[in-house]
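Here are a few exercises to work through with the model open in your viewer. Try each task before you read its solution.

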Amino acid sequence: MLVVLRHAPHGSSWLREGLDVALVGAAFGQTVDLLFLGDGVQALVKGQQQGPLGQKGTHPTLDMLAMYDIDTLLVDAESLAQRGMTEADLQLPVTLVTASQLPHLFSRHASVFNF
């Protein structure tokens, strides 16, 4: 199963809901890959704090991914570059993917969840 995370960590619940789907899928024995695309790459930034109005950061949930055997964290290289970021800015090890790799990535997963 592929969970695509396109939203920033603060401002909506989309990212948190996507991470919850990934954790539930993994808890039920699914192999889960996460793809951080667009503003979703901001979820991986080191040292995140609370957002406006005390919204919790996503780093505690990201820290739990390994416990659920969610090891494949994919990041769209273009999304990262557009935001002036590099892999060194991220709190977890990731695999960068290019725009040309995305169609193959989507096609090899039976289930794709988009958040």
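Rings of Phe, Tyr and Trp (its six-membered ring) count as a pair if their centres lie within 6.5 Å. Keep in mind that this is a predicted model.

**Exercise 1. Search the whole structure for aromatic pairs, then say which class of geometry turns up and which parts are tied together**.

Step 1: the search of the whole structure gives one aromatic pair.

Step 2: the partners are Trp14 and Phe115, with 6.3 Å centre to centre and 55° between the planes. Planes under 30 degrees apart would be stacked and over 60 edge-to-face, so the rest, this pair among them, are tilted.

Step 3: Trp14 sits in helix α1 (residues 14–27) and Phe115 in the segment after β5 (112–114), so the pair ties together parts 101 residues apart in sequence.

Step 4: check burial, where under 20% relative accessible area is buried and over 50% exposed. Trp14 has 41%, so this residue is partly exposed. Phe115 has 13%, so this one is buried.

**Exercise 2. Work out which residues touch the most other members of the largest nonpolar core, and which element gives the most to this core**.

Step 1: the core holds 24 residues, and Val3, Leu5, Val32, Leu34, Phe36, Ile70 and Val75 touch the most other members.

Step 2: β1 (2–5), α1, β2 and β3 (72–76) each supply at least two residues. The biggest giver is α1, with five residues.

Step 3: look for another core. There is a second, separate one of eight residues, including Leu37, Leu74, Val97 and Leu102.

Step 4: zoom in on Leu34. Neighbours within four places in sequence aside, Leu34 contacts Leu2, Val3, Leu5, Leu19, Ala22, Leu65, Ile70, Thr72, Leu73 and Leu74.

A bit of background: in soluble globular proteins, nonpolar side chains tend to be buried together.

**Exercise 3. Is Thr61 buried or exposed, and what does this residue contact?**

Step 1: find Thr61 in helix α2.

Step 2: its relative accessibility is 13%, so Thr61 counts as buried.

Step 3: skip neighbours within four places in sequence, and the contacts of Thr61 are Arg16, Leu19 and Leu23.

**Exercise 4. Describe the surroundings of Val45**.

Step 1: Val45 belongs to the loop between β2 (33–36) and α2 (59–64).

Step 2: with 26% relative accessibility, Val45 is partly exposed.

Step 3: not counting residues up to four places away in sequence, Val45 touches Met85, Asp89, Leu90 and Gln91.

Step 4: now take Leu92, 47 residues from Val45 along the chain; the C-alpha atoms of these two are 8.7 Å apart.

How values were computed. Residues numbered from 1 in each chain as written. Predicted model: local features only at pLDDT ≥ 70, side-chain atom pairs only at ≥ 80, totals over all residues. Heavy atoms only, no water. Helix = DSSP H or I, 4+ residues; strand = E, 2+ residues; numbered from the N terminus. Buried < 20%, exposed > 50% of the residue type's maximum accessible area, 1.4 Å probe, protein only. Contact = heavy atoms within 4.5 Å. Core = buried A, V, L, I, M, F, W, Y, C linked by side-chain atoms within 4.5 Å.
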